[in-house]
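I open a new page for this structure.

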Amino acid sequence: MNTTYKRFTVRGISDKPTCDVCGKTNLKLTIVIESEAGEILHYGSDCASRTLRQDYCGKRLPISREAAISMGRSAKRGEAFARLSQQA
């Protein structure tokens, strides 16, 4: 089974009130995510948690909303950020 994944990089958080994925408005913050093609998008925490995956015990699992927000805050502070993926 050869599965391919899109790669994403969490770049930080933003105060932009709209999710670029689902269009939801009046958000407190969005998570800035860069695709492997270099496209920068602002994801709401729910969309980010559905999009981002991480490897755990040989499985690729979605991350929690809290983890997505935490990664965004860490990346905004300039700390190391995670490279995550989504099945293509």
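I start with a definition: I count two strands as paired if DSSP finds at least two bridges between them.

Confidence next. I am working with a predicted model. I find a mean pLDDT of 81 for the protein chain, with 81% of its residues at 70 or more. Among the elements, strand β3 (residues 40-43) has the highest mean, 93. Strand β6 (residues 83-87) has the lowest, 52.

Back to the strands. I see β2 (residues 30-35) and β3 pairing in the antiparallel sense over four bridges. The two form a hairpin, with four residues between them. I checked the turn: Gly38 there has a positive phi of about 90 degrees.

Then His42 itself, which lies in strand β3. Is His42 buried or exposed? I call His42 buried because its relative accessible area is 17%, and the cut-off for buried is under 20%. I listed its contacts beyond four places in sequence; among them are Ser14, Lys16, Asp20, Thr30, Ile31 and Val32.

Ile31 was my next stop. Leaving aside neighbours within four places in sequence, Ile31 is in contact with residues including Val10, Leu41, His42, Tyr43, Ala48 and Ile69.

Last, the core. The largest nonpolar core has 16 residues. I noted those with the most contacts inside it: Val10, Ile31, Ile33, Tyr43, Ala48 and Leu52. β1 (5-14), β2, α1 (45-51) and α2 (65-76) each supply at least two residues of this core. The largest share, four residues, comes from α2.

Technical notes. Residues numbered from 1 in each chain as written. Predicted model: local features only at pLDDT ≥ 70, side-chain atom pairs only at ≥ 80, totals over all residues. Heavy atoms only, no water. pLDDT = per-residue confidence, 0-100. Buried < 20%, exposed > 50% of the residue type's maximum accessible area, 1.4 Å probe, protein only. Contact = heavy atoms within 4.5 Å. Core = buried A, V, L, I, M, F, W, Y, C linked by side-chain atoms within 4.5 Å.
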